[in-house]
Amino acid sequence: MGLLSDPNRRRALIGLLTRLNAPIWGMPVDWLVKTMQSRGLEVFTQRFSRRLPFPDEDKERYMVKGTNVYGILRAPRAPRTEALVLSAPCTAGDHNNQAVGLLLGLAQYFRNQVYWAKDIIFLVNEHDLIGMQAWLEGYHHTNTTGMDWSPLQGRGGSIQAALSLELSSDVVTSLDLVLEGLNGQLPNLDLANLFYAFCQKIGVLCTTQGKLQRNDWDSVSGYSHAVQTMMLMAMKQASGRPWGDHGLFLRYHIEAATIKGINSFRQYKTDATTVGRLLEGMYRKLNNLLERLHQSYFFYLMSSLSHFVSIGYYMPAFGLLGVILLLRALDLWVQLASPPPRTEDGVVDADPGVLSVLTPLVISHLTGAALYTLPIHFQEMAVEHFPVSETEAVVLTAIAVYTAGLALPHNTNRLLTGQGTEQGWKVLKLVAVLYLAVLLGCTALINFSLGFILALTLVPVAAFVTPNVPKVLSAFVLVVLSPACTLLFSVFFFQELQEMPVSFLDGWMLYLSVISQGILDHALYGSLVYPLVALLVYPCWLLFWNILFWK
Amino acid sequence: MAAPMTLLLIVAVTIRAVLYRSGVADLVSERVEVVSPLTAWKRVVEGLALLDLGVSPYSGDVFHETPLIIYLFHFLVDYAEITFMLADVITAVALYMAVKDYNKQVFRKQKYALEADRYPLDCLELIRSPGEMYYIPLKVAMCYLLNPFTVLSCVAKSTCGLNNAVIALFILSTVKGNMLLSAIFLSLATYQSIYPLTLSAAALLYLIFWWFVAQYAFMYLGSLLVLVGLSFFLLGFWDYLPSVYGFILSVPDLTPNIGLFWDFFAEMFEHFRLFFLCVFQINVFFYTLPLSIKLKEHPVFLIFMQLAVISIFKSYPTVGDISLYLAFLPVWSHLHRFLRNIFLVSCVLLACSALFPVLWHLWIYAGSANSNFYYAITLLFNVAQILLVSDYFYAFLRREHHLSYGLYLKRKDGSEATLVLK
């Protein structure tokens with residue numbers, strides 16, 4: 001699965017790193033400090049360190065230690081109450097090697113201007129998102145993820161907006177705007193509109209989701225292009241991970257976006273000076289803001305940079321899916337409330353109903369809790385007994401617990417004491433359907449795409465499953481529409497949409513890495529997708545699995 | 001019934017103890033749905049600190065609980081968790097004994113009515129049997145102790161738990177017929193938050209003669225005066241009156257909660273404030289007279305309705321207030337066949353309880369929503385509660401009507417009739 005899957009090589013690498021007590025590939029901290037100081041900024045550094053719960057094979061890191069360097073350009077004649085941030089992640093290799101240079105050039109240019117009313121913070125963060133999380137936590141005096149960082153020596157006031165740069169070449173053909181942040185949170189649409197309008201004024205090509213805008217909205221191919229762009233955004237939002245360094249700012253109520261420079265095969269290329277003018281213009285606009293951006297939509301899906309679907313249009317679609325569940329619940333209630341006449345035997349009949357529902361509920365939630373806690377806690381034991389690396393152990397344990405949950409209905413039925421089995425499964429289905437409706441509603445409010453995708457796959461199944469449908473077919477359908485398989489299909493679909501289709505084996509590897517990234521995101525930044533799916537959606541799905549196999 | 005009750009108490013105390021030791025306690029004690037400016041533990045600690053420094057605990061508009069509470073916790077602050085768990089246990093046991101006694105009274109009245117042949121022949125299926133009523137006290141205690149609202153309120157160390165304990169003891173002493181204790185507990189409850197004053201109507205309905213009513217009123221007012229005087233002597237000054245009662249009645253603090261006051265008063269113009277304040281506060285006390293007239297033969301149901309009205313319309317409600325009247329629902333489980341909206345109401349209550357933290361997060365942390373979203377959920381929650389209470393009222397009255405006029409109603413020409421609540 002990567003560099004670290006061979007345990008011997010991994011141990012050698014970790015030993016080397018801890019012996020040197022410094023990362024081999026690092027950031028030129030002293031050079032950055034000197035350069036920023038020579039440009040007249042107030043420079044400070046912040047050290048941070050973090051031990052990941054298990055090695056991250058995509059980025060090949062386990063014990064992360066780094067330094068953030070930031071310089072503050074103080075506004076010449078204004079009180080130091082507000083700030084703007086321009087950040088560029090510094091990683092080794094070719095991925096992002098031009099952004100820091102552009103940042104330093106901009107710093108020198110900005111220093112000579114007199115119109116700044118807000119402080120501008122030029123941040124160079126190491127280890128991209130981890131460094132950014134450390135800096136933000138230090139800036140706002142919170143510590144939600146258990147990272148170890150040194151306190152910040154210099155501050156600039158409350159941050160109004162932030163932009164993050166990713167440039168891999170010094171000429172670009174287009175600039176890509178990345179908006180999706182942590183837990184599917186998006187910046188205010190005004191920020192995206194501002195950037196697009198300014199790009200059009202300067203004459204730089206601007207894209208979203210890496211796709212160019214088309215002019216033929218009426219034709220079928222134009223419409224399908226727009227739908228593909230929107231679906232890409234929906235899938236990125238549903239994953240709950242920040243797709244750029246800006247994603248972590250949004251949690252602190254700071255509007256932020258990431259600008260990626262793309263160098264493709266086009267004739268007309270924009271050089272770094274034009275990009276610099278663009279950024280200067282953006283910052284002058286942000287500088288002139290009197291209040292935080294809040295007038296436009298916070299919940300939207302962009303089908304292109306000039307067209308979007310707002311919450312008022314997409315929520316009714318979700319509401320209709322929810323209504324299916326509520327109607328099914330009403331139907332079950334009416335069936336339960338008018339039972340066939342029974343002889344009076346003085347036994348209270350509501351109680352066994354409640355108790356027989358309690359057992360599947362408790363067992364499903366215990367399985368969900370196992371899915372949440374076991375993969376990370378038992379990785380050492382798994383590594384001892386099986387020839388796998390820690391990441392593989394975590395992911396495969398998660399898949400194993402998930403599949404083991406499928407075997408449960410055959411055991412819980414023995415523990416049930418429900419009399420009148422016809423009543424029992426109806427009560428359970430009523431509870432499960434209402435639980436799913438409330439869960440999907442709350443999820444859609446926080447992360448709409450995640451709620452909608454889960455609703456699309458779970459609602460039809462939830463509405464139609466009973467013990468009386470053909471077992472094999474419905475079991476197959478239920479497994480195919482379960483959250484794990486939805487994720488698998490989404491991975492393939494996502495690659496298709498990005499016009500980089502993968503073979504089945506590559507797709508499977510990608511799927512495993514997506515699961516490990518999801519668990520890591522939760523541990524590192526507090527992403528809610530993994531706990532939501534493990535602790536709430538999966539037990540709910542297990543309840544429907546129980547109903548299908550009710551005896 | 002002692003064994004299941006003991007088991008229930010042990011389970012409840014274990015759940016609370018486990019939650020106290022986990023990280024949930026800190027999270028929950030800051031949730032606005034669970035604590036209000038009146039009941040927050042943080043404010044009690046602040047008041048204690050001020051008292052230790054020799055300053056009045058009411059300076060600085062932080063502490064709004066009564067002086068007796070602060071003196072109670074002056075001695076018990078190290079055992080605070082045990083105090084709140086004990087308060088929950090006392091409430092549950094008091095409710096258990098009260099409901100058991102009430103069931104006996106109901107059954108006795110029903111027996112006399114049956115012997116006096118006062119029920120029409122076709123409503124025999126509405127008669128309650130001892131077998132069906134056997135488990136109700138245990139269910140009431142279970143409904144109170146294992147209700148997530150109560151558990152959250154206890155873990156957050158909200159003083160609402162102490163208020164609930166006093167009200168439960170009042171209900172127990174009223175049902176048992178002990179007038180002195182009933183008056184004392186009612187005055188304690190009124191002393192802590194003004195609204196239980198309306199429960200005195202229910203207590204008075206248990207009495208028949210004017211002389212007893214006068215005696216009760218004298219005992220009630222006397223104990224109230226004693227408490228007020230005691231507070232003055234303990235603290236040495238009168239400034240607790242505006243801080244506690246003035247705070248409850250004039251609602252200066254508009255922190256969001258699950259009540260109806262905060263957003264309404266936040267949007268209001270200043271010169272209408274007094275008018276709307278009076279309207280909202282009268283609303284709580286207004287239903288006492290009509291309800292007592294209609295329910296003069298059923299004082300315990302009247303207590304249930306009053307508790308519900310207080311928890312919905314008071315100035316700073318919390319989920320702890322709601323859990324007290326929800327605990328009574330098993331007592332009226334024989335009304336299930338007449339309830340019309342129970343499905344809708346329970347769905348809405350469930351959904352709103354889940355949506356409260358989501359919309360709070362979206363408003364305060366993500367900044368994508370505003371106060372209107374949270375107030376909308378508050379309104380929906382309160383409407384659902386009102387619907388629940390009025391539904392039970394309808395079902396209760398309908399059953400009484402059937403018991404007097406028969407189950408299958410016929411109009412004068414013999415066709416089937418339907419009942420409409422006007």
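Predicted model: local features only at pLDDT ≥ 70, side-chain atom pairs only at ≥ 80, totals over all residues.
Me: How many helices and strands does chain A have, and what makes a stretch count as one?
Reply: Chain A has 18 helices and 13 strands, where helices (H or I, at least four residues) and strands (E, at least two) are DSSP runs numbered from the N terminus. Of the 551 residues in this chain, 52% are buried, and 80% of its contacts with a separation of 6 or more are between residues 24 or more positions apart; contact means heavy atoms within 4.5 Å.

Me: Why is His127(A) called buried?
Reply: Buried means under 20% relative accessible area, exposed over 50% and partly exposed in between, with a 1.4 Å probe and protein chains only. The relative accessibility of His127(A) is 18%, so the residue counts as buried. His127(A) is placed in the loop between strand E4 (119-126) and helix H4 (128-140) of chain A, and its phi is near 55°, a positive value in a residue other than glycine.

Me: Why does Val251(B) count as buried?
Reply: Val251(B) has 1% relative accessibility and therefore counts as buried. Val251(B) is found in the loop between helix H13 (240-250) and helix H14 (261-266) of chain B, and has a positive phi of about 45° although it is not a glycine.

Me: Which strands stand at the edges of the nine-stranded sheet in chain A, and why is one side of each left without a neighbour?
Reply: The sheet is open, with mixed pairing and the order E5-E1-E2-E4-E3-E6-E10-E8-E9. Strand E5 (148-149) and strand E9 (206-208) of chain A stand at its edges, and because each has a single partner strand, one side of each has no neighbour in the sheet.

Me: How do you know that E8(A) pairs with E9(A), and in which sense?
Reply: Two strands pair if DSSP finds at least two bridges between them, and strand E8 (residues 174-178) of chain A is joined to E9(A) over three bridges in the parallel sense. The bridge partner of Leu177(A) in E9(A) is Thr208(A).

Me: What are the pairings of E10(A), and how many of its residues are buried?
Reply: E10(A) pairs with E6(A) in the parallel sense over six bridges, and with E8(A) in the antiparallel sense over five bridges. Within E10(A), Glu255(A) is the bridge partner of Ala161(A), and Gly261(A) is the bridge partner of Leu175(A). Strand E10 (residues 255-262) of chain A is mostly covered, with six of its eight residues buried.

Me: Why are H6(A) and H14(A) called roughly perpendicular?
Reply: Two packed helices are described by the angle between their axes and the distance between the axes. Helix H6 (residues 220-238) and helix H14 (residues 448-464) of chain A pack at an angle of about 100°, with their axes 7 Å apart. Axes are lines fitted to C-alpha atoms, for helices over the stretch in contact, and angles run from 0 to 180 degrees between N-to-C directions. Angles under 35 degrees count as roughly parallel, over 145 as roughly antiparallel, 65 to 115 as roughly perpendicular and the rest as oblique; H6(A) and H14(A) are therefore roughly perpendicular to each other. The contact is made by Ala234(A), Gln237(A) and Ala238(A) of H6(A) and by Ser449(A), Leu450(A) and Ile453(A) of H14(A).

Me: How do you know that the span of H8(A) agrees with its number of residues?
Reply: The expected span of a helix is 1.5 Å times one less than its number of residues. The 27 residues of helix H8 (residues 311-337) of chain A should span 39 Å, and its end C-alpha atoms are 37 Å apart, which agrees. Among the buried residues of H8(A) are Tyr314(A), Phe318(A) and Leu321(A).

Conventions. Residues numbered from 1 in each chain as written. Chains lettered and ligands numbered in written order. Heavy atoms only, no water.
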